[in-house]
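Reader: I would like to learn how to read a few local features of a protein model. Please take them one at a time, with the general idea and then the case at hand.

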Amino acid sequence: MKILVSVKRVIDYNVKVRVKSDHTAVDLTNVKMSMNPFCEIAVEEAIRLKEKGVASEVVVVSVGSKSCQETLRTAMALGADRAIQVETEDGLDSLSVAKLIAKVAQDEAADLVIMGKQAIDSDNNQTGQMVAALLDYPQATFASEVAIENGEAQVTREIDGGLQTLAITLPAVVTTDLRLNEPRFASLPNIMKAKKKPLDVKTPADLGVEVGSNVSIVSVTPPPQRAGGIKVGSVAELVDKLKNEAKVVS
Amino acid sequence: MSVLIIAEHDNKSLKPATLNTVTAATQIDADVHVLVVGFECQTVVEQASQVAGVTKVLVADNAAYEHQLAENVSKLVVEVSSDYEHILAPATTTGKNTLPRVAALLNVAQLSDVIKVEAADTFVRPIYAGNAIATVKTTDAVKVLTIRTTGFDAAASTGGNAERQVLSQVIASDRSRFLKEQLAESDRPELTAASVIISGGRGMGNGENFKLLEGVADKLGAAIGASRAAVDAGFVPNDLQVGQTGKTVAPDLYIAVGISGAIQHLAGMKDSKVIVAINKDEDAPIFQVADYGLVADLFDAVPELEKSL
Ligand SMILES: Cc1cc2nc3c(=O)[nH]c(=O)nc-3n(C[C@H](O)[C@H](O)[C@H](O)COP(=O)(O)OP(=O)(O)OC[C@H]3O[C@@H](n4cnc5c(N)ncnc54)[C@H](O)[C@@H]3O)c2cc1C
Ligand SMILES: Nc1ncnc2c1ncn2[C@@H]1O[C@H](COP(=O)(O)O)[C@@H](O)[C@H]1O
């Protein structure tokens, strides 16, 4: 079984972003970039399936400028076998990314596509579902447990009310939630080895996909700031404030 | 042109998130239709027809739709889409599961977590865990949006009298099967609809200690929430997680207990009206957003709080 995993290069989750003063975008200059945490979980899951002998090959794909090759190398250091960079400008819209990933999945004849549930920059939570729709594959989003058996994936999903378990026939798309696994760290020897693993570069034209979007950004502004609060000295003072000042407790 | 909303429900009752979505829809156009896809969901249909502002309820009631699998619902929505310029769903796990599929099938974009309608083609949504607010304009023929419920008041659940239309097409994928569900049962208000929430973090130490929060919650009629760390550690189930990748809440009162205030947690609760933080570390970032901060050991403060309410 072949697994395709998508990985996105995003601002590191520890960085607090700032909006540019001209309100056109967030400022990404000299900001630490990392693999999207949900994609790390996707890579880890694929590697575990390979280690269990369920998968035979793990291919990683990223859509973006040359800098995302770094993210692909990280994924290979973690254990992916080879990588594909689809060379585009950064910040392409989700539907275009989904079309490119769907085409790669088709060309690779991947049995399972594992993606993050959400990129922590756009907070879109949609690309995986779009890939599934474009390929007319079944999907299991927000996965916290995946078991593959008899050409089927049994996936437990984190939903608003609790947990739901689905059985989907492969080929299929799974998107990862936080509790699916705990990603490993890459060892130094594996980082060295990853430098020699194959990394193909393709363009949207190579894939026969037209990219573009009808959505434009009007402005990007900082969120409203909360006025600073106060420290109270005791529980009694807290309760008094809640009752008599904020009036949220009767 | 009319706006279509996909109702959030569990076949038994219409979920409040639908009501906030109706308000968002009425800001786009006065003609608001609600699609109820489910199985034996007649009560939901009744409730949806009474929501103020809803003019028509479309009903697809079939065993194939019992679990609202995204594969089936998305195709059904696409079949009725030609009558609509806007298709909305609440930004719940159900809405987020289905709407991107609808958008991709229609070859249009999907805008997630809309918090404000500027115009029929211009919408506001948070990005980067709410640290930036983007205003976006779309010229797509159909605008597909998930609505963050905290951005819009709930429409009145009564006062409407919508006409009904039955959809008879049955779309049933044989490649996705429902196996089981473990739903949390609680007498407390739903997290996203509660007016008071008390949340616990890693500082709670273990699941047993969440009983301390329950004592306070009982007195305040509050829902109980948690940080990711508390969920990861197994103190409480996943459906209690508040944050960037959990639930977004904006109650009148949010009490954070033993929660440090990471960016990702703040993303889910910083629009609450009044925030209280109880933490023994006076430098915890949660104090920067708290209206009332109490530096104290939670094991002393929380029982005392319960007694004094
Ligand atoms: C991709 C991604 C997504 C994430 N999504 C979310 C999300 O949706 N929601 C979320 O919450 N987090 C999320 N996180 C995790 C987030 O970064 C933090 O790790 C998490 O919020 C920390 O939880 P915490 O505050 O409970 O724990 P900690 O940061 O460990 O804080 C515990 C606090 O308890 C206090 N404390 C300890 N003992 C006591 C005591 N006896 N009395 C009083 N105070 C005490 C400590 O002083 C400390 O401030 C995400 C992270 C990533 C990478
Ligand atoms: N440019 C990209 N390159 C590779 N994968 C991506 C890209 N954008 C999104 N994805 C994948 O889609 C997931 C969900 O992203 P999003 O829908 O943008 O929140 C991410 O976790 C990635 O796995």
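Reader: Is A:Ala109 buried or exposed?

Author: This is a predicted model. A:Ala109 has a relative accessibility of 54%, and because the cut-off for exposed is over 50%, A:Ala109 counts as exposed.

Reader: Where in chain A is A:Ala109 found?

Author: A:Ala109 sits in the loop that joins helix H3 (94-108) to strand E6 (112-116) of chain A.

Reader: What should I look for in the backbone there?

Author: Most residues other than glycine have a negative phi, and most peptide bonds are trans. A:Ala109 is not a glycine, yet its phi is positive, at about 50°.

Reader: What is the phi of B:Ala129?

Author: B:Ala129, again not a glycine, has a positive phi of about 55°. B:Ala129 is in a loop of chain B, between strand E7 (122-127) and strand E8 (132-138). With 7% relative accessibility, B:Ala129 counts as buried, whereas A:Ala109 counts as exposed.

Reader: Which peptide bond is cis?

Author: The bond from A:Leu170 to A:Pro171 is cis, and its omega is near 0°. A:Pro171 belongs to the loop between strand E9 (162-169) and strand E10 (172-176) of chain A.

Reader: How many disulfides does a search of the whole structure find?

Author: A disulfide is a covalent bond between the sulfur atoms of two cysteines. Over all chains, the search finds 0 disulfides. A:Cys39 is in none: its nearest cysteine sulfur belongs to A:Cys68 and is 11 Å away.

Reader: Are A:Cys39 and B:Cys41 buried or exposed?

Author: A:Cys39 has 4% relative accessibility and counts as buried. B:Cys41 is buried too, with a relative accessible area of 0%.

Reader: How do I read a pair of helices?

Author: Two packed helices are described by the angle between their axes and the distance between the axes. Here, take helix H7 (residues 235-245) of chain A and helix H8 (residues 298-308) of chain B: their axes come within 9 Å and cross at roughly 50°. That angle makes H7(A) oblique to H8(B). The crossing of H7(A) past H8(B) is right-handed.

Reader: Which residues of H7(A) and H8(B) make the contact?

Author: H7(A) contributes A:Val235, A:Leu238, A:Val239 and A:Lys243, and H8(B) contributes B:Ala301, B:Glu304, B:Leu305 and B:Ser308. Sorted by class, this contact has 5 nonpolar, 1 polar and 2 charged residues.

Terms used: Residues are numbered from 1 along each chain as its sequence is written. Chains are lettered from A and ligands numbered from 1 in the order in which they are written. This is a predicted model: local features need pLDDT of at least 70, side-chain atom pairs count only at pLDDT 80 or more; totals for chains, interfaces and linings use all residues. Side-chain values use heavy atoms; hydrogens and water are left out. A disulfide is a pair of cysteine sulfur atoms within 2.5 Å. Buried means under 20% relative accessible area, exposed over 50%, partly exposed in between (1.4 Å probe, protein chains only). Axes are lines fitted to C-alpha atoms, for helices over the stretch in contact, and angles run from 0 to 180 degrees between N-to-C directions. Helices (H or I, at least four residues) and strands (E, at least two) are DSSP runs, numbered from the N terminus. Angles under 35 degrees count as roughly parallel, over 145 as roughly antiparallel, 65 to 115 as roughly perpendicular and the rest as oblique. A crossing is left-handed if the near helix is turned anticlockwise from the far one by less than a right angle, and right-handed if clockwise. Contact means heavy atoms within 4.5 Å. Ala, Val, Leu, Ile, Met, Phe, Trp, Tyr, Cys and Pro count as nonpolar, Asp, Glu, Lys and Arg as charged, and the others, Gly among them, as polar.
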